[in-house]
Each structure stands twice: as structure tokens, then as C-alpha cells.
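Welcome! Take a moment to turn the model around and look at it from a few sides. The notes that follow pick out some details to find for yourself.

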Amino acid sequence: MTQDKNAQTNEPLFLIQNLEYRYHQASRPALSIASLSLIEGECVALVGSNGSGKTTLLKLLNFLLPAQNSDMVRRTIKFRGLPYEKKTARKETVYLHQHPYVFRGSVSHNVKSAILSRQSNTDPLEILKILHLANKIGQEAALLSGGEMQRVALARTVANGKPILFLDEPTSGADSTSAEHIIEALMSIKTSKTIIFSTHSVRAAEKLADRILHLDKGQIISDRRPEHAEKSSS
Amino acid sequence: MKTALALIFQGDPETWGIIGRSILFSFLAVGFSLIPGIPIGIALGWQKTRFRNALIAIVMALSALPTVVIGLAVYSFISRAGPLGFLGILYTPAAVVAGEFFLALPLVISVVVSAFREIDVRFVETIETLGLPVLKKLKLAVVESHNALVSAAVMAFARVIGEVGVAMMLGGNIRGLTRTMTTSIAFDTVKGDYERAVSLGIVLFLIAIFINIVSTARTRRK
């Protein structure tokens, strides 16, 4: 439905122009983007070293970095051609922390608590199955391993049902098996969602993304398509 | 001392009536204070509103206010000439519970505020980004910080059960109706019935020890 709407208007999902964010008392902006457009249905990887602005961009797009404590923000973001507001962000997007917080309670409670309405057709068990967590459903989430907690948090994020996911290093802290499960899950859901994720894993970026943005010192220094996308288009 | 212990252990009906009434009034007052206290505390702890610091300062000041001042304030409302005088609840259990409610409320709010100011920012951001309805956010916050909420209840109970000003001013220390442990101790001492005063003092002391054990156990579990 939303993809049709986007196709009709030919508007990018996000059109970012002159975006700048400077943390309190920082000497340089953490993020400075002259122009960037993100297309609906895309899976975009943000790569770059620590402090390159990946998290700042994801949090800004989710309105989790308010302009306060003298932090400087200048943002011109359009969402489907209209000014992007916090209300829209809460309705359309969800953000997953690099080191996610799992709620007190079972895995099932974590996932179910994120479902927005009873009418939702989200099946928590299906999501947990995709993330290889079906056998952990009744377990206390906070007592799971780091990689499992990461998957619980991702399951919760997906169960939330929003069409746009901002994932901050979704495979960080996960062992190779967990990381593989997360990549597999994202491969299966990326067909129905717009995913913007940051990563240090070249492998994850190449395998998952339709587009790779390389950030350095808050600026986009390259914007390319991964090898698999290049091959399929040629 | 022997007679005082006998009053407790031989089940003196009047002594146990006073003990039961005190505990009941305190439970009701604390229970009612949790209903508005928790959401107000959470809101003040989280929301960075313009007047937040001023409001927190007022709440902190109220939680340290002498009990007789709170008693006086509630009295001025429910006394015959007061705006709520038509309710006719002065010198009834309802008046004692109402007064103790206002005694417990600022304490509950201030403990909840302190707990929520220190809550993991990722939790706050997570429930924010999930776009959950307010009630669901509140439910998750209560589950997440239940240790702090139990501490708030325990501290409020300790303050309420040991106070004398509110119970005396609003309850009038009426035998079999509004007499609590503290008002009874004050009254019995004045009239020279030391045995009952001592027995109730022992019970209050035991309650204080019990509250401390519960608080310490919870702190260790954290």
C-alpha cells in the first residue's frame, strides 16, 4: 500500500538536505549531510568507523536526539514529500539500539509487548521462529546470552509492525551463529520493509544491503551498490 | 514489662484491635497513594517539562513536612467550616486514611522520581521508539522498576504507621474507631497506662525491624 503510494508520487521516502548535528560543546558536527535520499523498500547499510555518525543519523531519523543541552541541530528532512515530524516517525519507524535493552520478563513478553494493536496480524511465534528463538519463548529474556538478547530485541522491533526499521549494528555482540541468524532473518523481512542499518561487518553489508553508504567524520564519502546488486543489474 | 508482653501474647482484644486498625489505615493510605503517586512520579522522572525541577522541589519539601502540618491542612478542608465539611468525615477512619494518604503521597512520588531519573536511557528510548500507547508504556515502566515501587511503598508505610499528628488531629483518638498505635501510646502515657503504651511500642519496634529487613533484602536482591 505504502509502496504504491510512493511509486505514484515518485517522492523518495526520505529526502534529507543540509542535515547537521553537533553534540554539546563538540568542536565539529557529528553529522553533516548536504543531500541524501532514501527510497522506500531499500535496504541501506551505513558503514564507517566509530564516531563516523552512523548512530547519530539513525537516531536523528527516529527523533531520539532532541535539540537540547546546547546540542545543535539543523534538519531539513522530508518524508514522502512532506516535512518529517516526530509524530510521523513514531507511526512509521522504529529504532533498535546497538546494545538493546530487553524488558524484564519472558522472551514472549518482550515480543508481545511491542505489538501495537490487538488487530495486528503479527504472529510473534513466526518472528521468533525466523530468529531461531522459538525454543526460548518462555525464558527470562535478561538471562539469555548477548547474541540471543540481540535477537529478542530484533524480534521485538519487527513485531512492532512499523514499515521502516533503523537498526544500529544489529549483529554487534552476537557470535557468528547468532549473527548468521540475524542476517538470515533480515534477508527474509527486507522484502516487506525499508531497512536502514549500521554495521562494521562488510559481509553483512554486502550480503544484505541494496545500497551501502560510507560515512566518515559525519559526512557521506561514498554511496554505492554492493557487489551482488551490481551483478544482478548487469 | 511482663504485663506489656502479656497484652500482646495473650491476645488482649483492645491492644490487637488498635494494632489491626493502625496496620489497616496505613495499608489503605499507602495503597491509595500509589495510584496517583506512581504515574506522577514516572511523569516527573521522565518528562523534561519546563517546571519539572520546581515541581520536584515542592514534592521533596512536602515529603519532609511535619505530620501535624499535613494534619492541619487536611483538617481545614474537612472540618465543619471547611469546603469538604459537608462530607462529615472528621474524626472517622476515613479522615485518618485521607490524612495519611497526603502524608504518603509526596514520599511515594519522590522515591519514584528518583528511581525513574536513574532508569536506563535505552529503556526510555525503546518504549518511545516503539510508539506504544501511554498505558502500555506505564505498565512496562511499572514492571521494569518494581523494586523502586516496592521501596516507595515500604518507605511510605514506615512513615505513615509511625506518625501521630495526622491520626490525632483528624481521627481524634476515639476508642474502637480511630485509635491507632501512636495515638494510643500518647494517650495511655498521659493517663498512666504504661503497660499498653509499652506493648504498642514493642509492636511498632517489631514492625520497624520487619520493614528494615524487607528493605535490606530487596536492596541486596537488586
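B:Asp188 sits in helix α10 of chain B, the helix that covers residues 181–191. Keep in mind that this is a predicted model. Is B:Asp188 buried or exposed? Its relative accessibility is 1%, and residues under 20% count as buried, so B:Asp188 is buried.

**Around B:Asp188**

- In chain B, helix α2 (residues 13–46) packs with helix α7 (residues 134–144) at an angle of about 90 degrees, and their axes are 11 Å apart.
- Angles of 65 to 115 degrees count as roughly perpendicular, and therefore α2(B) and α7(B) are described that way.
- Which residues make this contact? From α2(B) come B:Ile38, B:Pro39, B:Ile42 and B:Trp46, while α7(B) brings B:Leu138, B:Ala141 and B:Val142.

**Helix α6 of chain B and what surrounds it**
- Helix α6 of chain B runs over residues 121–129, and its buried residues are B:Phe123, B:Glu125, B:Thr126, B:Ile127 and B:Thr129.
- Within chain B, the buried residues of α6(B) pack against α2 and α7.
- Those buried residues also pack against elements of chain A: α2 (54–61), α3 (86–92), β6 (93–96) and α6 (146–159).
- After α6(B) comes B:Gly131, which has a positive phi near 65 degrees.

**Chain B as a whole**
- How many helices and strands does chain B have? There are eleven helices and zero strands.
- The C-alpha trace of chain B spans about 65 × 45 × 25 Å along its principal axes.
- Chain B has 222 residues, and 46% of them count as buried.
- Among contacts in chain B with a separation of 6 or more, 75% join residues 24 or more positions apart.

**Surface and charge**
- Chain B has an accessible surface of about 11,200 Å², and carbon and sulfur atoms account for 70% of that surface.
- There are 20 positive and 12 negative side chains in chain B.
- The centres of these two sets of side chains lie 5 Å apart.

How values were computed. Residues are numbered from 1 along each chain as its sequence is written. Chains are lettered from A and ligands numbered from 1 in the order in which they are written. This is a predicted model: local features need pLDDT of at least 70, side-chain atom pairs count only at pLDDT 80 or more; totals for chains, interfaces and linings use all residues. Side-chain values use heavy atoms; hydrogens and water are left out. Helices (H or I, at least four residues) and strands (E, at least two) are DSSP runs, numbered from the N terminus. Buried means under 20% relative accessible area, exposed over 50%, partly exposed in between (1.4 Å probe, protein chains only). Contact means heavy atoms within 4.5 Å. Accessible areas come from the Shrake-Rupley method with a 1.4 Å probe; for residues, only the protein chains shown count as cover. Lys and Arg count as positive and Asp and Glu as negative; His and the chain ends are not counted. The place of a charge is taken as NZ of Lys, CZ of Arg, CG of Asp or CD of Glu. Axes are lines fitted to C-alpha atoms, for helices over the stretch in contact, and angles run from 0 to 180 degrees between N-to-C directions. Angles under 35 degrees count as roughly parallel, over 145 as roughly antiparallel, 65 to 115 as roughly perpendicular and the rest as oblique.
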